[in-house]
Amino acid sequence: MTLDILAVAAHPDDVELTCGGSLLKMAEKGYQTGILDLTAGEMGTRGTPETRAKEAAEAATILKVSWRGNLGIPDSDVQPSRENKLKLAQKIREFRPRTVIIPYWEARHPDHYHASALGYEACFLAGLKQLPLDGEPYRPFKILYAASFEGMQPTFIVDVTEQYETRRRAILAYGSQFRPTKATEKQKVYLAIDELDSKMDLLARHFGQMIGAKYGEPFLQKELMAVEDIVALPVRSI
Ligand SMILES: [Zn+2]
């Protein structure tokens, strides 16, 4: 199987929270989409890796993802090591995605910024012929960065108004994280579902508003964008 888009992130639910709506939108357009979680999220305070794997599979179905896998890197130890780079480069060669989405390069959680470096370098390495990897050398055409906070200027925003409700369901599929049992309810780290919900809503509205839509997801890219038709440009100026 080959993929048009592969989203790579550190923990199960990261992709849903940053670019789940965009992945769904692309799947609805007929593209083959995939998610590769680098870790099983076993350092999370709530839920076992087994429950999280089940939840991740359910969320993938909701987002109409063609393939979801896990690279098995230890949670909270996502390093851009040679071993990890080769593992990820092997997957890139296998699925040959034209577009790869990786986390934004600045983050509070080390796993997130390491996942960003690891993702970029694995895409590069996948194209080198001499590496000890199976399959034909391959390098993705486009690398996009996804982020879930406000502190950066996106390169562009995807209108996910029509996908927002489904994206929300995919995030809520992670019941162990956001719908804790009585026993874990009292823990300080517990992120209440209504709090998460309103935070997600606020952020997606914030980015949506920037392009005159209700909900949006921000992306960055390091190269400039080319334009063919300056008459057909979207987003109103005044
Ligand atoms: Zn994460």
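Me: Which residue is the bridge partner of Gly34 in E3?

Reply: Quick background: this is a predicted model, where local features need pLDDT of at least 70 and side-chain atom pairs count only at pLDDT 80 or more, while totals for chains, interfaces and linings use all residues. Residues are numbered from 1 along each chain as its sequence is written, and side-chain values use heavy atoms, leaving out hydrogens and water. Strands here are DSSP runs of E with at least two residues, and helices are H or I runs of at least four, numbered from the N terminus. In E3, Gly34 is bridged to Trp67.

Me: How many bridges join E2 to E3?

Reply: Two strands pair if DSSP finds at least two bridges between them. E2 covers residues 33-37 and runs parallel to E3. The number of bridges joining them is four.

Me: What is the strand order in the open sheet?

Reply: Seven strands make up this open sheet, with mixed pairing. The edge strands, pairing on one side only, are E3 (67-70) and E6 (156-159). Put together, the order reads E3-E2-E1-E4-E5-E7-E6.

Me: Is Arg68 buried or exposed?

Reply: Arg68 sits in strand E3. Buried means under 20% relative accessible area, exposed over 50%, and partly exposed in between, using a 1.4 Å probe and protein chains only. Arg68 has a relative accessible area of 18%, so Arg68 counts as buried.

Me: Which side chain joins Arg68 in a polar contact of 2.9 Å?

Reply: A polar contact is a pair of N or O atoms within 3.5 Å; within protein, one must be able to donate a hydrogen and the other to accept it, and residues adjacent in sequence count only if both atoms are side-chain atoms. Arg68 has a polar contact of 3.2 Å with the side chain of Tyr174. The 2.9 Å one is with the side chain of Asp37.

Me: How many residues are in the largest nonpolar core?

Reply: A nonpolar core is a set of buried Ala, Val, Leu, Ile, Met, Phe, Trp, Tyr and Cys residues joined through side-chain atoms within 4.5 Å. Leu36, Leu88 and Ile92 are among those touching the most other members. The residue count of this core is 34.
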